[in-house]
Amino acid sequence: MSGIFEKTLGSLGSLFSPVGTDVGLRNMLQKCLNARTRREEEWLIQDFLRHVKIKLSEPSVKPSTVTRCLAFCMFSEMLGQRADFGYIHAVKLAQNGSLMEKKMGYLACGFLLRDSDPLCVLLVNTIVRDLMSKNILIVAMSLSACCHLVPADQATVILPIFKNKSHPGLGLEFIRSKAVIALHHFFRTSPQLCRPYINRIKSLLGDTDPGMVGKVLQFLLQVTKDSPEMIVDVVPALVQIQNQILDGKLPAEFTYKTLSAPWMQVSIVRLLRCLPEATQDVFKLLERTLQSAKPNADKAIGAAVIYECVSTLVHHKAGDELLASSLHYVADLMSSSNSNFSYAGLCLLEMVLHQYKLPLTALQQQVVLSGLRHPDDAMKRRTLYLLCTVAEAHNAQTVCSQVLEYVRSGRCDNLHIQRDLVQQIIVLTDKFPNHQTHWHIAMLIQLLPLAQDQQARAIQRRIQLALLAV
């Protein structure tokens, strides 16, 4: 008996009560539970599926019986046994059943069908009819079904109905939020068709329901992947929302690890990163967000907010003064006992110093060098990359020696990483040659046995040119 099937049965509850027919679902499941081998279980399920198929083909089968048979079909498919004969019955149940039967029909269709299945075309008219229903439960079910069952070429039939479902004056946050989720789905599959609805979605940033605003932020993140200019006009709204979050004006259920709506904060910061140009108001907001997240830097969600804020400051070239102050938050991550936080801090520091040659304090330098003694090789490699980024003429030889020693040690078993580290040494020898000590020539000669293919030939050319210049 497979473990997944046994665990599934434990959570079914009253779903598989006796059907009152010759099929007897409970009898089926008990026999499957008692199967001694996986092969015996497969034989039993295939035999039971034949009985279910016969029962579903009866002309007077009751919807309640269809519901239980479809439940068995779904769990049979979970175990890898096809039950395609039940697909059409799932469609019929979604079309003509009562509220609970329609819910089961949509559930079965979403589980058994894909939007490319020909049977989904039969459901489009049903979904359109249910979207116009006055029962909000039926509307909610049909909106959820849109994300799984409507083919991309049928989106033009569904999208006009969303105009009313997502309107801020509708007063049903439950329906509006599902409409935004469905529109988000269609934007991923047919972005051109959804562009006329973007401004309507933007207006929902002023919705009174914070959960609704969070869903709109996710939609806008999808929009900015291809059209970052689309969010320029909503920057004041984003700044206002973030200030409200930082002021603690959201309900208590949005607080996580003492941070108010941290996932919404991350979404807003990512949206601000997509701006063509940031204003001083944006920089002040990011600085305030960093200060708010600092007490939670030892938690994953706090570290995530700090990482996004610093990345956004670097992206918009906030300037030496603001980035220098952000290094304190980066140092907190680097000095964390959590390896993931330390690695993220090293990545941030490398990102900052790649654009700005900011001086590091003695404590920050000590934290960076401690990465070379870290037991995790990924931390050591990231520290070496960082040292290559901050290398100067007076310490380039030392940095190259450390990188060379790491490559020689054989701990780098990834050829791509080894090639990248070798390239870092080549770049430093080109950038900081010393024509008195000729250390760069000696370094290239030591590097030659570790290089491969084109890199080896490039090093040989550099050695030849350097020796001719001596």
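This is a predicted model: local features need pLDDT of at least 70, side-chain atom pairs count only at pLDDT 80 or more; totals for chains, interfaces and linings use all residues.
**Whole protein.** Start with everything shown as cartoon. The protein has 26 helices and 2 strands. Its radius of gyration is 30 Å, well over the 23 Å that the globule rule gives for 470 residues, so the protein is more spread out than a compact globule. Along the principal axes, the C-alpha atoms fill a box of roughly 100 × 60 × 40 Å. Of the contacts with a separation of 6 or more, 64% join residues 24 or more positions apart.

**Surface and charge.** Switch to a surface view. The accessible surface comes to about 23500 Å², and carbon and sulfur atoms account for 53% of that. Buried residues make up 50% of the 470 residues. Now colour by charge. There are 49 positive and 39 negative side chains, and the centres of the two sets lie 4 Å apart.

**Lys257.** Select the loop between β1 (255–256) and β2 (259–260); Lys257 is there. Its phi is near 55°. Most residues other than glycine have a negative phi. Lys257 is partly exposed, at 44% relative accessible area.

**Lys317.** Move to the loop between α18 (300–315) and α19 (320–334), where Lys317 is found. Lys317 also has a positive phi, about 50°, and is not a glycine. Lys317 counts as exposed, at 58% relative accessibility.

**Thr429.** Finish in helix α24 (residues 415–431), which holds Thr429. Is Thr429 buried or exposed? Its relative accessibility is 3%, so Thr429 counts as buried. Show its neighbours: leaving out residues up to four places away in sequence, Thr429 touches Trp439, His440, Met443 and Leu444.

Definitions and conventions. Residues are numbered from 1 along each chain as its sequence is written. Side-chain values use heavy atoms; hydrogens and water are left out. Helices (H or I, at least four residues) and strands (E, at least two) are DSSP runs, numbered from the N terminus. Buried means under 20% relative accessible area, exposed over 50%, partly exposed in between (1.4 Å probe, protein chains only). Contact means heavy atoms within 4.5 Å. The radius of gyration is taken over C-alpha atoms; the globule rule is 2.2 Å times the number of residues to the power 0.38. Accessible areas come from the Shrake-Rupley method with a 1.4 Å probe; for residues, only the protein chains shown count as cover. Lys and Arg count as positive and Asp and Glu as negative; His and the chain ends are not counted. The place of a charge is taken as NZ of Lys, CZ of Arg, CG of Asp or CD of Glu.
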